[in-house]
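Me: I would like a close look at one part of this model before I read the rest of it. Please take your time and connect that part to its surroundings.

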Amino acid sequence: MATTIGTDPLTLPPAIHDEDRKTLHETWEPERGFKGWVRAVNHKTVGKRYIVTALVFLLLGGLEAAALRMQLARPDNTLLGPDRYNQVFSMHGTTMMFLFAVPIMTAIGIYLVPLMIGTRNVAYPRLNALGYWTFLLGGVFLYTFFAMNSGPDAGWTSYTPLTGPQFANGKRIDVWAQLVTFTEIAALIAALEMVMTVLKMRAPGMTFRRLPLFVWAQFITAAMVMFAMPAVATGSIMLGADRLLATHFFNHAEGGDALLYQHLFWFFGHPEVYIIFLPALGMVSQIVGTFSRRPVFGYPVMVAALLTTGFIGFGLWVHHMFATSVHMLSQSFFTAASTMIAIPTGVQIFCWIATLWLGRPVWKTPLLFVAGFVVVFMIGGLSGVMLASVPFDAQAHDTYFVVAHLHYVLLGGALFPLFGAFYYWYPKVVGRLMSERLGKWHFWLLLIGVNVTFFPQHLLGLEGMTRRIYTYSEAMGWGPLNLVSTVGAVIIVAGMAMFAVNLLWSVRHGEDAGANPWGADTLEWLTTSPPPPYNFVDTPVVTSRDGLWAYDGEVPVVTGLHTDRPEVLVTSMMDTRPVYRHEMPEPTYAPLVMAVVIAGMLAAGIFTPWGVVVGTFAIVIPFYIWAWPDRGQHARNLREEKQRRAEPEMAS
Amino acid sequence: MSVRFMAISALPVALSLAGCKQENRDFREMPPAATPTEAIRVGELQPGGGPPFDSTVTKYADNAYAIGTGQRLYNQMNCVGCHFHGGGGIGPALMDEQWIYGSDPAQIFKTIVEGRPNGMPSFRNKLDNQQVWQLVAYVRSLSGLGGSTVSSAREDHMYLSPDLAIRSPEKPTRSAPRP
Amino acid sequence: MRLRHHATIALLLWASSCVGYDHQSALDPAGPQAGSVHGLWYLMLGISAGVYVVVVAALLLVIRRRQAHPLEPDETRSRDREARAKRVVVIAGAVTVGVLFVVLLADLAVARGLTRLATSPALTIRVTGHQWWWDVEYEDSIPQRRVRLANEIHLPVGQPVLVKLQSHDVIHSFWVPNLAGKRDLIPGHHTETWIRADRPGVYRSQCAEFCGLQHAKMALYVVAEPRDQFDAWIARQRTPAVTPNDTLAIRGKGVLESGSCALCHTVTSTLARGLVGPNLTHVGSRLSLAAGTLPNTPGYLAGWIADPQTIKPGAQMPPNSLTPEDLRALVAYLSTLR
């Protein structure tokens, strides 16, 4: 039975009838053709293309990794010379960290969070589109320069003074610094979207105590992005200024300091890995809950663990600098913090195991990937605790031990949950299930491949093999383990191929999914698969943390949003009372145009300061298009307000 | 969708075919003795016919790595001892528009290799040709004759006078030496 | 032609196996710092393995159990079961905190212990990192007793040595895995580290901070020898370069002084006084060439002088087009500089 919640002082129109449903569909229907494609502001459209673009960057980063492993498979190999190798490993790191890992988590959040909280779009749809276009153009910018032999060649970290004006010739490092600017704009936009959407647009009844764990994870991650990204932006802008404008931020002879760059970078760099990790933890929670067929055990503890991880994550950065001249007392502080951060994640793993124990597990592919996550991530987490100790880090820093650690935590902690999430949510996005058989092949090949590739690297590091070396001599004795590692990389490639085939094959041939094939509890499973453009006909009212499992037959809803214009319900932050109806913008060219202008400004800026000057003025044009008030909409609102004031007895 | 995808990916492919000379890193010339210095001429005038000589062509004019290497050599070979960081001292300034012996690449090449009266030493047989061309490219960039996108803004050392770092180099207006 | 080119490089680079040195490994400690880290490593490895086995076993057990004995739908929310699970999770959490605390205490104890090794040094060595070689200077209050060499350190067994670290250009990192942890060389900063070798041997060190094109080939050998051998070695290093007395070597000295070598290298008691590249006064007695890339034999020396860019592309040493006789003479002279 539908419940209408009256909100004063507004008066709501009557409940939705079938013609209204048709109007609703027409209002939210996406535009057709190329025009519709570039002007889209629907969060699902933007989210899907964000995911696809990030996967393309995963492919490119993977190809770079394959090239690196081929070069290192044998001693004194000549596949890649030193210059090319330096570019390839820098591109691998930059692509994976800036263009794949953070964007894919962001993208999945953009797609899923509005659905999970029962609303129709993100808070600022046009800004969302701008974020995507900026991200895409940043990636195109980087790869265009890479194709012209001008890709970054000093790692994804680009330490000064190697990357300073004296030692890094040409435009390579300027390209890197600008890429950081592109991706940082995109990340900050997505973070703002996430925070505002979750704060103000949740369905009535979805208080913070009832928020799904995935939404918690995305929300906390967004807050982390807002604090962390400015640090790397500062560092990269200062680096660019040193290189192009003859400033002396990192020139010790003029009072600057090379170490300042490291502090700025790692103040971002460490939270960055938790920015990648936390959404993955949220995905694991959703999968474990659904496939155990009971809510995740210890919800308050799980939320506290996410908050604690996010918070402590900002206090670890100096552990990347233990080999520098940082004072011993402060090193001890960071050792303690780096050791302590294992506690919340450990407790989360215990709670997930408890959930499986207390539940009725169904061993489909998503849950397999969660098991893989525990098995792989723990190795990385434990090697991380080892690296937290200063004396041990003094031996292992900048060796393949660290390469092994970081890949175990990133692949185990982010990629395995991510693949689980793909198998879990693909039916919702596409409307068809992915193949279980291919999924199992994917899982096992990936699990074996990751271990064969990266486990030997622990030993290689302790044997003295340092990072970022393009070759090594036969006498070192590193040949056999490197060869094993390369064979593992081939197995990973096979696993990824299974995934790609599965993704593409299931679009046409996957089994029909229906609205809720897994019997899950979060709100996105309430609507059809794939969801209609407006997500929900009526906004559902949440009665319990258990979501869909708590409804006894009928779902209570809130009606009253207009169907002839795109509207969302804005609710209060703490008790999610409906506050007002907010009109969403129509599709527009403005985000794309503004992204192109920004891209032009940033790209030209590395060649001439006039690029920045001209760009700043040029941005005004799309800004005006964007911000110009909609006369038609304004006139209509005025008319309706007058009508309402003239007939006060319509209120019921 | 796939057409748009191809359109987006065509750009990097096309550009890779175009290549970018600016960023090439040539570590050695093959072989070092192949470009004898006798072939370099400092002037275009010659009696009778004969192939025209283009003295403005230099292999590393637009190459960032070469200019960077030239900067390193400039410090290591103690050019700074007389010419300082372009401002001149015991030797003439290299950042201004006055070029006693000409600012063409071939002329600068000859200056370095042969030496000049009143104190410029000869580096013949001390530096190989590739290194001299790299120095030529760097020295020309000091007065803005190289591309601005290939030279670095500053070095990592102390600046004795603040304006040296931000001074605009003075391009020479004519290539022939002052009589 | 290309095949021969590759084969030549492979042969050249393979030959670096001919320098006999102890297995470069942090797991084969020859000094107290590496030794205490080695102990810490085994402690942490043991704890980590234990934790891993317990957690993964718990996961697998839960999987097995729930497959063999699935629950009824109403049993999933049973208060008893949840209370029991809560106890287990709390205990596991407490054990985690305890274990991590133990690890933390061990870390801090070892770190403090290592700082106590800083007793008065028998020797002070200044190491300056360059792109892509190591400048080593033995400090002394009397100037004539100072020694300057490159890419090699000798030290007496069992005595602590203070190593002062500075960088000439970009960030490098000094790391002898068998002896001690690494310390970065940061331009503008003066850092120091201590090493002590407790058994004789040759320990290989490698630059451990990405420093550009040839970061991969920037190695250094640390030779630990008994005190008397060390004294003999340093006494020889303090003597000026040997004066050649055969015609070939005399010609070689002439090539050194009149050619391009003198612009970058120093050989004391000759006219070669360049400070750009490594000091070559006693190059004949070194274990390796080109920062650990090649063994020190006349053939490799000749190849290195003629064409360093094929062996170490991007290195700052240019190819040298000497006539074959000049090259032979130069190599003969340099080989006499022991």
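Predicted model: local features only at pLDDT ≥ 70, side-chain atom pairs only at ≥ 80, totals over all residues.

Buried or exposed: which is Ala291(C), and how many other C-beta atoms lie within 10 Å?

Reply: Ala291(C) is buried, because 24 other C-beta atoms lie within 10 Å; a residue counts as buried at 20 or more other C-beta atoms within 10 Å of its own, as exposed at 12 or fewer, and as partly exposed in between, with the C-beta atoms placed from the backbone. Residues are numbered from 1 along each chain as its sequence is written, and chains are lettered from A and ligands numbered from 1 in the order in which they are written.

Ala291(C) sits in the loop between β11 (288-289) and β12 (294-295) of chain C, where helices (H or I, at least four residues) and strands (E, at least two) are DSSP runs numbered from the N terminus. The backbone there has a phi near 55°, a positive value in a residue other than glycine. Phe84(B) also has a positive phi, near 50°, and is likewise a residue other than glycine, but Phe84(B) counts as partly exposed because it has 18 C-beta neighbours inside 10 Å. Its place is the loop between α3 (80-83) and α4 (105-114) of chain B.

Trp132(C) is found between β1 (123-130) and β2 (133-138) of chain C. In chain A, a cis peptide bond joins Ser529(A) and Pro530(A), with omega about -10°, and Pro530(A) lies in the loop between α16 (479-509) and β1 (539-540) of that chain.

The domain assignment of chain C, whose bounds come from an automatic or database source, gives domain 1 (32-115), domain 2 (123-236) and domain 3 (247-335). The centres of domain 1 and domain 3 of chain C, taken over C-alpha atoms, are 59 Å apart. Helix α9 (residues 324-336) of chain C has 13 residues that should span 18 Å at 1.5 Å a residue, and its end C-alpha atoms are 19 Å apart, which agrees; the expected span is 1.5 Å times one less than the number of residues. Buried residues of α9(C) include Ala329(C), Leu330(C) and Tyr333(C). The buried residues of this helix pack against α5 (247-258) and α7 (298-306) of chain C, where two residues are in contact if their C-beta atoms, placed from the backbone, lie within 7 Å.

Chain C as a whole has nine helices and 12 strands. Its radius of gyration, taken over C-alpha atoms, is 28 Å, well over the 20 Å that the globule rule (2.2 Å times the number of residues to the power 0.38) gives for 338 residues, so chain C is more spread out than a compact globule. The C-alpha trace of chain C spans about 100 × 55 × 35 Å along its principal axes. Of the 338 residues of chain C, 43% count as buried, and Ala291(C) is one of the buried residues. Among contacts in chain C between residues at least 6 apart in sequence, 66% join residues at least 24 apart.

Chain C also touches chain A, and this contact takes 76 residues from chain A and 73 residues from chain C. On the side of chain A, the elements that give two or more residues include α4 (82-116), α8 (258-292) and α11 (342-358), and the largest share, 12 residues, comes from α11(A). By class, this side of chain A has 44 nonpolar, 21 polar and 11 charged residues; Ala, Val, Leu, Ile, Met, Phe, Trp, Tyr, Cys and Pro count as nonpolar, Asp, Glu, Lys and Arg as charged, and the others, Gly among them, as polar.

As for the confidence in chain A, its pLDDT averages 93, and 96% of its residues score at least 70. Over residues 1-15 of chain A, however, the pLDDT is below 50, although this stretch has 24 contacts in the model beyond near neighbours in sequence.

Terms used:
pLDDT = per-residue confidence, 0-100.
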